[in-house]
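Entries follow in the order I looked things up.

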Amino acid sequence: MRVSRRALLSAPLLAAPGLAGFSTGVLAQGAGGEWPVRPVRVVVPFTPAGTTDVAARILAERLQAHFNQPFTVENRAGAGGNVGADFVTKAEPDGYTVLMQAISSGAINYTLYGSRMTYRPEDLAEVGLVTRVPNVIFVTNSLPVRSLRELVAYAKANPGRLNIGSSGAGTSLHVTGELLKMEAGIQLTHVPFRGAGPMLAEVIAGRVQVAVDNLPSAIGHLREGRLRALAVTTAARTPALPDCPTTAEEGLPGVEATAWFGIQAPARTPRPIVERLGAAIDAIVKEPATKARMADLGGMMPDLTPDGGTTPAAFTAFVRAETAKWGEVVRKSGATVE
């Protein structure tokens, strides 16, 4: 059975003691009065049902309960996340429009798109890292390979005959595919889609033979056997898919990538709002029910602070490091966008 967004969001979440310490009255002080006093829009720069969307909806549900105000998710997809991110940079910096940022539009694209980028890192303020997830390399069931080693051998014997799908140019999935091609010395034709949903449908149908996706959006298809997992791109196996080896186990240790998702706001958003929202996110990601829900999808804790949580300052340092790291990967791999 396909893991739908509705199913992912239907499991109950219980309020955790960590949230109890943040009363609305205390959080509402400063920044020109109470915040939030009206709905907050959470922009997702990708299509519905992908990992960014799923993580945003889990978080929005808890933020709504916490602040007693609606946190509504709005999908604005395009250009590897750049369209939605650019929209947020131009929004009123009042705390009522925030971005569920991803590794692509938050780190990779600055180098990959270069002068075509319509915003820069300084146009966004980091609020809190929500989760990190493995990427997973998988194939359509009709392809006669059952391991990453077999895929490499098949691709070398059939140069240029295989396509590799991703949810968009510039995503960590695209760059992971480029790393795979570079490290394994194989030819695969990149086919970018406008989100995970359309890409997964084409791989299931066999029109795209190989793909890389964030584990949460593909895990239902992998568990139910509609797609065949070959390897996860983290240093260790994930408990969410324990029988799937790592790329290192399959002889390609250089193909390592962990995707991440976090909240950013327009750069001039008042600091008290950034800190207040950041504190709520830190409490939410530590909730036992939230941790369990993310873990079941392959999601990991932020781990930016000693207790596994997140702060705006720690997230800022993290994003800077990721931007430098992936900029080097893009240059080394030769990844490009049309």
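For helix pairs I use axes, which are lines fitted to C-alpha atoms over the stretch in contact, and angles that run from 0 to 180 degrees between N-to-C directions. Helices (H or I, at least four residues) and strands (E, at least two) are DSSP runs, numbered from the N terminus.

Two notes on the source. I am working on a predicted model, where local features need pLDDT of at least 70 and side-chain atom pairs count only at pLDDT 80 or more, while totals for chains, interfaces and linings use all residues. Residues are numbered from 1 along each chain as its sequence is written, and side-chain values use heavy atoms, with hydrogens and water left out.

**Entry: α9 and α10.** I looked up helix α9 (residues 196-205) against helix α10 (residues 215-223) and found an angle of about 30°, with the axes 11 Å apart. That makes α9 roughly parallel to α10; angles under 35 degrees count as roughly parallel, over 145 as roughly antiparallel, 65 to 115 as roughly perpendicular and the rest as oblique. In this pair Ala196, Leu200 and Ile204 of α9 meet Ser217, Ala218 and His221 of α10, where contact means heavy atoms within 4.5 Å. The classes are nonpolar (Ala, Val, Leu, Ile, Met, Phe, Trp, Tyr, Cys and Pro), charged (Asp, Glu, Lys and Arg) and polar (the others, Gly among them).

**Entry: α4 and α12.** The axes of α4 and helix α12 (residues 288-296) come within 12 Å and cross at roughly 170°. α4 and α12 are therefore roughly antiparallel. From α4 the contact takes Ala55, Ile58, Glu61 and Arg62, and from α12 Thr290, Arg293 and Met294. I sort the residues of this contact into 3 nonpolar, 1 polar and 3 charged.

**Entry: α6 and α8.** I find α6 and α8 packed at an angle of about 55°, their axes 9 Å apart. The two helices, α6 and α8, are therefore oblique to each other. Ile103, Ser104, Ile108 and Leu112 of α6 meet Ser172, His174 and Val175 of α8. The contact of α6 with α8 has 4 nonpolar, 3 polar and no charged residues.

**Entry: cavities.** On a 1 Å grid over the protein atoms alone, a cavity is a set of points where a 1.4 Å probe fits but cannot get out; a pocket is an open set with protein on both sides within 12 Å along at least five of seven lines, and lining residues have an atom within 4 Å of a point. Points are joined across faces, edges and corners, and a volume is the space filled by probe spheres set on them. My search of the whole structure gives 3 cavities of 30 Å³ or more. The largest cavity has a volume of about 150 Å³. Of its 19 lining residues, Phe46, Thr52, Ser167, Leu173 and Asn214 are the closest to the centre. The elements giving two or more residues to this lining are α4 (51-67), α6 (103-112), α8 (172-184), β7 (210-214) and β9 (258-266). The lining of the largest cavity divides into 7 nonpolar, 11 polar and 1 charged.

**Entry: backbone.** I noted a cis peptide bond between tryptophan 35 and proline 36, with omega about 0°. Proline 36 sits in the loop between α3 (24-27) and β1 (40-44).
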